[in-house]
Each structure stands twice: as C-alpha cells, then as structure tokens.
Amino acid sequence: MAAEALSVIKVRDMLLVTVPPDPDDETITALQDRVLEAMERHAPKGLILDITTVESLDSFFARTIAETTQMVALMGGLTVIAGMRPAVAITTTQLGLTLGSTLAALDVDMAMDLLANHD
Amino acid sequence: MSKNTEKREGKKAEKPQSKRGGGRATPSPAPQAEARESGPSQGPPLSALFDDIEEVVVYVSDPETYELLYFNDAFEQSWGNALGEQCYKVLQGRDAPCPFCSNPHIFGENLGRTYSWEFQNEITRRWYRCLDKALDWPGGRKVRFEMAIDITQLKEAEEVMRAQADEIIELSTPVIPIWRGVVVAPLIGSLDSRRAASLAEDLLTRVAETQSQVVLLDVTGLAAIDTQVAQHLIDTITAVRLLGARIVLTGMRPAIAQTLTHLGIDLSGVATRSSLAGGLQIAFQEVGMRIVDEKAEKGRRA
Amino acid sequence: MGVPQSGEMAIHCESDLIQARKLVRELTTDLGFGVTDVTRIITAASELVRNIYRFAGAGVMQWQVLEQDRRVGVELSFVDHGPGIADVEVAMQPGFTSGNGMGMGLPGIKRLMDEMELKTEVGKGTDVTVRKWLRG
C-alpha cells in the first residue's frame with residue numbers, strides 16, 4: 001500500500017483515517033503528517049484511526065500512534081483507534097507495547113459516539 | 001485376549017491329562033495324591049470350579065503362614081506357579097505381610113463376611129476388584145479365599161473420562177452475553193499460562209463478535225492467585241481495553257484481595273467489585289441503563 | 001503452499017520488512033497456526049527484521065519448518081554482522097523495551113514465541129533464533 005493511497009476524511013467535526021492492512025513504515029510516517037495537516041486546516045474535535053483491517057502492529061507503528069495522539073492533543077483533539085482485532089490486541093499487550101493516551105472503541109460508530117460525548 | 005486363549009489351549013494340548021496351572025492344595029495331613037481332591041471341607045473342590053476360568057483370578061492362602069494353598073490358571077499366568085510360597089511375596093513382591101492385608105476384614109469378628117475392595121497390583125500393574133472371604137479348609141483351619149476380577153479397562157476408561165472432564169473445566173471459560181453490550185466470564189479453577197492464553201483469545205474474540213463494551217470477569221471461582229496469574233489478568237484487561245471495551249473484575253473475595261495487595265499488584269484503574277451485582281450496576285451505567293428497584297420506589301412514594 | 005519448508009531471505013532495507021511479514025504470514029498460515037499465533041509470529045519477525053536494518057544495516061532471515069516428536073513448529077533465525085549486544089542480561093530483562101539499539105524489545109519477543117535463543121558478540125554480530133510450536 002503506497003502512502004499516496006491514504007485518505008484522511010473529514011466527517012462533521014472529526015477526522016477519519018482508514019489504515020491499510022499491512023502498512024509499511026513510509027505509510028505510517030505519512031499518516032502522521034497528513035493527520036497533522038488536516039488538524040491544522042479543520043480544527044476538528046478528534047481523530048479516528050480505523051484499524052479494523054490491520055493484521056499486525058509492531059513497535060514502530062505503536063510508537064507512531066502514541067506520538068500522533070500526543071501531537072493531536074497538543075492541537076486540541078482526541079485520538080481514538082477503532083476496531084483493533086483480538087489477535088492484534090493480544091500480541092500488542094504481550095509484546096509490552098502501549099499506545100499512550102490513545103482511546104479505543106470497538107468500531108468507528110462507537111468511536112464517533114465517544115468523540116461526540118466528550119467535552 | 002484371544003492371544004491368551006490360544007496360548008493356553010496350546011499348553012493344554014501338550015499335556016491334556018494333567019491339569020496344570022491350578023496349584024494343588026496340600027493340607028498337611030493329606031498325602032500328595034489326594035491333593036487334587038482337597039479344597040473346602042464341603043462342596044466341590046476349588047480346582048473343579050475355578051481352574052479354567054480365565055477372567056477371574058482365584059487363590060487361597062493360610063492367614064497364619066500366608067502360604068498359598070491353591071490358585072487357578074489365571075493366577076499362574078500372571079504370578080507363576082508359587083504353591084506353598086507366601087502370598088505377599090508372590091503377589092506383591094514384599095518381604096513381609098502387606099500393610100493393607102484384608103485378612104482383618106474376613107477373620108476374627110468379621111468371620112463369615114465378604115470383603116470387597118479394589119487395588120492396583122504392583123507386579124502386573126493391573127487393577128482388580130477383589131472379593132475376599134474366609135473358607136473352611138480340611139483339617140479344621142480357616143483359610144483366606146480371594147476372587148479377583150481384572151477391571152483395568154474400566155479404570156482406564158474412568159481415568160480418560162476424568163481427564164476429559166478436568167480438561168473441560170480447566171480449559172474453557174464461558175463468555176456469556178447477558179445484555180446488549182455486556183458479557184460475563186466466570187473464571188473457575190486454576191489459571192496457568194496455557195489456560196490464560198486461551199482465555200484471552202476466547203474473551204477478546206467474543207467481545208469483538210458481540211461488540212460488547214463491558215466484560216464482567218468474575219473471579220469468585222478462581223482457586224488461587226499468584227504473581228503469574230495476576231499478570232495474565234492484567235494482560236487480558238489491557239488487551240480488552242485496546243479493543244475499546246472495559247473489564248470489571250467481580251467476585252473479589254477477601255483472600256484474593258489480600259493476596260493481590262501482598263504481591264504488590266496494582267489494579268488501580270481497574271474497576272473491581274466484591275459481587276457480580278455490583279459489577280452489573282457498573283455495566284448497565286456504561287451502556288446507558290439504570291436499574292430501578294420498583295418496590296423501594298413505590299415505598300418511598302407511599 | 002507457496003513457501004518452501006526452509007530458506008532464507010536477505011534483509012537490507014525497509015521494503016524487505018513487508019516481504020518478510022508476507023512470507024511469515026503465508027508460512028505459518030499454511031502450517032495451520034491460528035490467527036493469534038500467526039499475528040504473534042509476524043509481529044516477532046517484524047521486530048527482529050527491523051532491528052537488523054536499523055542497527056546492523058543488513059542481515060538475513062532464515063526459516064525452517066520443524067517436525068519433532070510428532071510436533072510441528074516453525075523456526076526463524078535473524079542473523080547479522082552488526083554491532084552485537086553489549087549487555088545481554090540487561091537486554092533480556094523484562095521491561096527493557098524502551099532501550100535504543102540492537103536487542104531492544106527482546107523480552108517482549110520472547111513472550112510472543114515458545115522458545116528464543118540469542119547468540120551475540122560485540123563487533124561481530126547477532127543471531128536470534130525463535131520457535132513456535134503448533135498447539136496440539
């Protein structure tokens with residue numbers, strides 16, 4: 001999956017990014033840049049990272065998510081990851097990775113509720 | 001089984017006239033020639049009754065000297081021809097009478113009673129159900145008579161069943177949806193690494209399937225908790241959080257709470273309740289429901 | 001059944017990471033590992049491949065299907081001629097995941113796998129071998 005194929009969609013006052021199944025480091029880095037640009041342009045309430053199709057999450061990806069959450073917070077937004085697969089959650093935990101203050105939701109719908117109800 | 005039969009028949013064919021295998025009883029006053037006819041002082045001789053029965057081991061021994069006075073073919077096949085030797089030596093490979101000898105159950109005040117017991121023989125490694133009884137022997141003595149049925153297959157089947165039952169108890173933790181968005185998982189027994197791994201997998205899969213926001217993990221039935229079990233619990237809690245759900249630990253017994261604290265395990269940030277009901281209350285709040293006690297409400301209004 | 005029972009691939013740069021993950025996914029899925037174990041093995045491989053190109057520049061990943069006592073498993077080795085790990089004991093301490101340099105994340109990787117062996121010498125290189133067995 002090339003970095004160009006990434007899309008950051010603005011839905012109402014939120015940003016929605018669908019992360020591809022097996023993103024390379026370039027894509028992950030590009031994701032951060034694109035999200036921050038969109039944050040500046042739209043000043044949304046928060047960011048939803050849809051990782052429903054992501055098959056594995058290693059330390060680089062985890063660190064980038066945690067950092068992005070921090071940066072988005074500095075720009076006044078919350079970050080929610082949505083739809084992490086059970087196998088990925090177990091592996092991430094066992095590996096000892098943390099996602100910092102990133103919030104989590106079972107799917108994009110619930111992530112939207114979470115952001116909408118957050119003041 | 002069929003192999004045994006063949007072998008025995010072969011043996012018989014060689015020497016058809018002499019009934020081998022059955023040890024001849026030799027009560028002291030009787031000459032060797034009459035031994036064959038000896039047996040209980042009344043009724044048919046033991047050899048006529050039991051020599052050919054393959055499925056049942058039969059022997060007679062003297063309760064004073066422990067000498068073997070009679071045994072059948074089935075006995076000889078497993079323990080050899082040991083007429084006149086001590087039963088504890090032949091049957092158990094011991095130098096002294098067995099500590100579990102059942103003679104007290106059939107002699108003395110128990111004379112006349114039949115005693116039934118099960119045990120695993122050290123030499124054949126097989127299980128037997130034994131029936132013991134005192135018998136009158138020529139010369140006026142009372143002797144020990146035992147019939148033993150091989151129940152090894154039965155025991156093995158039992159063992160398999162018990163192991164399977166254990167496995168079911170040890171391996172699977174039911175994850176039960178009790179309300180839209182709420183599942184309950186009661187932990188029962190002990191939690192080793194293998195079971196903890198399958199628990200985490202089952203639990204997370206069910207949470208994702210049912211899109212449940214709250215998991216009530218009930219530890220009432222958890223046998224014990226140590227650092228490793230606690231670590232597994234914490235890992236499971238963390239992984240569930242990554243999915244976007246939360247775990248409430250319920251059934252926190254005093255012993256478990258004490259152990260957790262003594263082990264220095266930090267569960268702050270994890271909601272815990274001593275009862276499942278307390279957990280339910282949190283769960284319903286989380287999914288936007290409220291429990292109303294109608295009786296109490298009415299009472300207040302009245 | 002696209003992946004042979006054993007082989008090796010060179011690791012030079014970031015794009016090899018995606019190839020390595022793909023290969024490990026195919027290999028372990030074909031062997032019959034469940035989705036969680038597949039994810040564990042891919043993630044472990046991903047970390048170890050990344051260690052190679054970040055800290056050693058280049059190396060190889062070797063793989064082999066294991067059959068032993070009626071058990072089936074997979075063995076992955078990550079070999080490089082990089083700087084090596086100075087303090088193996090420290091590197092293997094649980095919690096040593098945030099460190100920078102060769103050997104980072106090893107305790108976590110060990111937890112994902114059934115077995116792990118580490119051979120390393122400062123200035124010579126590192127060889128990390130991990131194994132995972134199919135659960136009966």
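Predicted model: local features only at pLDDT ≥ 70, side-chain atom pairs only at ≥ 80, totals over all residues.
Trainee: What makes D58(A) and R50(C) a salt bridge?

Mentor: The cut-off is 4 Å, from a side-chain nitrogen of Lys or Arg to a carboxyl oxygen of Asp or Glu. The side chains of D58(A) and R50(C) meet at 2.4 Å, N to O. That is within 4 Å, so the pair counts as a salt bridge.

Trainee: How many salt bridges are there between chain C and chain A?

Mentor: Five. Twelve residue pairs are also in polar contact across that interface, both residues at pLDDT 80 or more.

Trainee: Which helix of chain C gives the largest share of the side that touches chain A?

Mentor: α2(C), with eleven residues. Helices α1 (14-31), α2 (35-56) and α4 (106-112) of chain C each supply at least two residues there. By class, that side of chain C has eight nonpolar, six polar and eight charged residues.

Trainee: How much area is buried between chain C and chain A?

Mentor: About 1700 Å², with 47% from carbon and sulfur atoms. In contact are 22 residues of chain C and 19 residues of chain A.

Trainee: Which three residues of chain B supply 51% of the area it buries against chain A?

Mentor: Q211(B), L242(B) and L243(B), more than any other three residues.

Trainee: Now the strand. Why is β1 of chain B called largely enclosed?

Mentor: Buried means under 20% relative accessible area. Six of the six residues of β1(B), residues 56-61, are buried, so the strand is largely enclosed by the rest of the structure. V56(B), V58(B) and V60(B) point one way. V57(B), Y59(B) and S61(B) point the other way.

Trainee: How do you know that β1(B) pairs with β5(B)?

Mentor: Pairing needs at least two bridges. β1(B) and β5(B), residues 142-150, have six, in the antiparallel sense. So they pair. F145(B) is the β5(B) partner of V60(B).

Trainee: What about β1(B) and β2(B)?

Mentor: Three bridges join β1(B) to β2(B), residues 68-71, and the two run antiparallel. At least two are needed, so these strands pair as well. Here V60(B) has Y70(B) as its bridge partner.

Key: Residues numbered from 1 in each chain as written. Chains lettered and ligands numbered in written order. Heavy atoms only, no water. Contact = heavy atoms within 4.5 Å. Buried area = accessible area lost by both parts, 1.4 Å probe. Polar contact = N/O pair within 3.5 Å; in protein donor to acceptor, adjacent residues only side chain to side chain. Helix = DSSP H or I, 4+ residues; strand = E, 2+ residues; numbered from the N terminus. Nonpolar A, V, L, I, M, F, W, Y, C, P; charged D, E, K, R; others polar. Buried < 20%, exposed > 50% of the residue type's maximum accessible area, 1.4 Å probe, protein only.
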